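Reader: I'm new to protein models and could use a hand. Could you walk me through one, feature by feature?

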Amino acid sequence: MYITLFKTFFKIGIVTFGGGYAMIPMIKADVVDKHKWIKEEEFIDLLAIAQSCPGVFAINISIFIGYKLRKMKGALCTAIGTALPSFLIILAIAMFFHAFQENKVVAAMFAGIRPAVVALIAVPTFELAKSAKIGLANCWIPISSALLIWLLGVNPIYVIIAAGLGGYIYGRFLKSTE
């Protein structure tokens, strides 16, 4: 199973561009849908935890999934599988970047890639919202959180803590989550 974990996360790491959030649909497709290693509800919970922890999101989620499946060795396999492709690609780019950084064709390519990366992040965000059952009654939470961070510069950690406390209070005193 360790080789399967490594290969799965290596494949995800090498073919997804746009950062950790762009990996979410592929991770879900492999881990939840294809291999059925974890349930969708667990996946959403692990995403929330991975986002709340310091560090790189893609590595965090891979470690949580690997640990859930095979403890420390599983976490090591998934983390290396996720990080190795990026490391090798970045190393190659760093070795040759100075040779083409002023090239107008390369600059134009990067200008075209930027909007596509936004879409790569937006799609899993909306899929995650649907999976997390965000609807009209509670859509104000992610919207206000994003606005607090973006417009007012509120530290995301404070937003996460406030959301956690709000969820606890809501579940404990207003409506049971069971």
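Predicted model: local features only at pLDDT ≥ 70, side-chain atom pairs only at ≥ 80, totals over all residues.

Reader: OK, helices first. At what angle do the axes of α2 and α4 cross?

Author: In general, two packed helices are described by the angle between their axes and the distance between the axes. Here, the axes of α2 (residues 20–34) and α4 (residues 57–100) cross at roughly 35° and come within 9 Å. Helices are DSSP runs of H or I, at least four residues, numbered from the N terminus. The axes are lines fitted to C-alpha atoms over the stretch in contact, with angles from 0 to 180 degrees between N-to-C directions.

Reader: Which residues of α2 and α4 meet?

Author: Contact means heavy atoms within 4.5 Å. On the α2 side you'll find G20, Y21, M23, I24, I27 and V31; they meet F57, A58, I61, I65 and T82 in α4. By class, that's nine nonpolar, two polar and no charged residues. Ala, Val, Leu, Ile, Met, Phe, Trp, Tyr, Cys and Pro count as nonpolar, Asp, Glu, Lys and Arg as charged, and the others, Gly among them, as polar.

Reader: Now salt bridges. How many does a search of the whole structure find?

Author: The idea is a side-chain nitrogen of Lys or Arg within 4 Å of a carboxyl oxygen of Asp or Glu. The search finds three. In one, K11 pairs with D30, and their closest N and O atoms are 2.8 Å apart. That pair links distant parts of the chain, K11 in helix α1 and D30 in helix α2, 19 residues apart. Another joins K28 and D33 at 3.5 Å, N to O. Then there's K68 with E42, at 2.9 Å between the closest N and O atoms. K68 lies in α4 and E42 in α3, so this pair ties together parts 26 residues apart in sequence.

Reader: Last one: how much space lies in the largest pocket?

Author: About 2,400 Å³. On a 1 Å grid over the protein atoms alone, a pocket is an open set of points where a 1.4 Å probe fits, with protein on both sides within 12 Å along at least five of seven lines; lining residues have an atom within 4 Å of a point. The volume is the space filled by probe spheres set on the points, which are joined across faces, edges and corners. This pocket has 50 lining residues, with A132, I134, I141, P142 and A163 nearest its centre. The lining divides into 32 nonpolar, 13 polar and five charged residues. Its largest share, 11 residues, comes from α7.

Definitions and conventions:
Residues numbered from 1 in each chain as written. Heavy atoms only, no water. Helix = DSSP H or I, 4+ residues; strand = E, 2+ residues; numbered from the N terminus.
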